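Please look at the sequence and the three-dimensional structure shown here, and keep both in view while you read the explanation below.

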Amino acid sequence: MLSFEEKLAIIESFPQLTRNNVSLKRVNFHYEDSLHDKKTVVYHLHPNGNGYVYAAYLKGYQKDVKGYVNIRDFSADELRAVIEASIQMLSTKREPVVHAAAEDAPVEEIWTDEQNRKLVLQQEDSLWNVYHGLNLEASFESYKEASQYLMEEGFSLQS
């Protein structure tokens, strides 16, 4: 496993990333030229060697619900590759995908869990928003991300 200092040196070798110190000696790195709302490439790099890289649309990585891959055990080459791919991903504008509806009609789905709690998944412009009543619970750039989140939280599409 690379040390914190080794990971930091690799990450800082990317001139397009901006360092931001956060709490508990953790460090984030942002890509300010991102074509998306998401700008964080490296999230919570910690002195113990743990940290995350945003990889939501990258294949071949095990990601959490927010699209981050854990880089704790990455080699130097793996770390460089995932950071390069993340920057490239954030440099590419993706067209919103219209899901199972006419382009003019907004998409709205009701998802329920075993306790019969309801969440509404709604397409608004290029985002997929999950609502609990009037409160925004989460927001995603694709239907796939939003539906995966809902399923991982124990919800299924109401038929």
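The paragraphs that follow go from a helix to its partner helix, and then to the cores.

This is a predicted model, in which local features need pLDDT of at least 70 and side-chain atom pairs count only at pLDDT 80 or more, while totals for chains, interfaces and linings use all residues. Residues are numbered from 1 along each chain as its sequence is written, and side-chain values use heavy atoms, with hydrogens and water left out.

Let us begin with helix 1, which spans residues 4-12 and has Phe4, Lys7, Leu8, Ile10 and Ile11 as its buried residues. Helices (H or I, at least four residues) and strands (E, at least two) are DSSP runs, numbered from the N terminus, and buried means under 20% relative accessible area, with exposed over 50% and partly exposed in between (1.4 Å probe, protein chains only). Seen down the axis of helix 1, these buried residues fall within an arc of 165°, so they line one face of the helix; the arc is that of the directions from the helix axis to the C-beta atoms. An α-helix has 3.6 residues a turn, so residues three or four places apart point the same way.

What covers the buried residues of helix 1? The cover includes strand 1 (17-21), strand 2 (27-31), strand 3 (40-45) and helix 2 (76-90), where contact means heavy atoms within 4.5 Å. In the meeting of the two helices, Lys7, Ile10 and Ile11 in helix 1 touch Ala76, Leu79, Arg80 and Ile83 in helix 2.

The view can now widen to the largest nonpolar core, which has 28 residues, and in which Leu17, Val41, Val53, Leu79, Val82 and Ile83 touch the most other members. A nonpolar core is a set of buried Ala, Val, Leu, Ile, Met, Phe, Trp, Tyr and Cys residues joined through side-chain atoms within 4.5 Å. The largest share of this core, six residues, comes from helix 2. Apart from this core lies another, of 13 residues, among them Leu119, Val130, Ala138 and Tyr149.

Leucine 17 deserves a separate look. Leucine 17 lies in strand 1 and is buried, with a relative accessible area of 10%. Not counting residues up to four places away in sequence, leucine 17 touches Ile11, Phe29, His30, Tyr31, Val41, Ile83 and Ile87. Leucine 17 and valine 41 are 24 residues apart along the chain, and their C-alpha atoms are separated by 8.0 Å.
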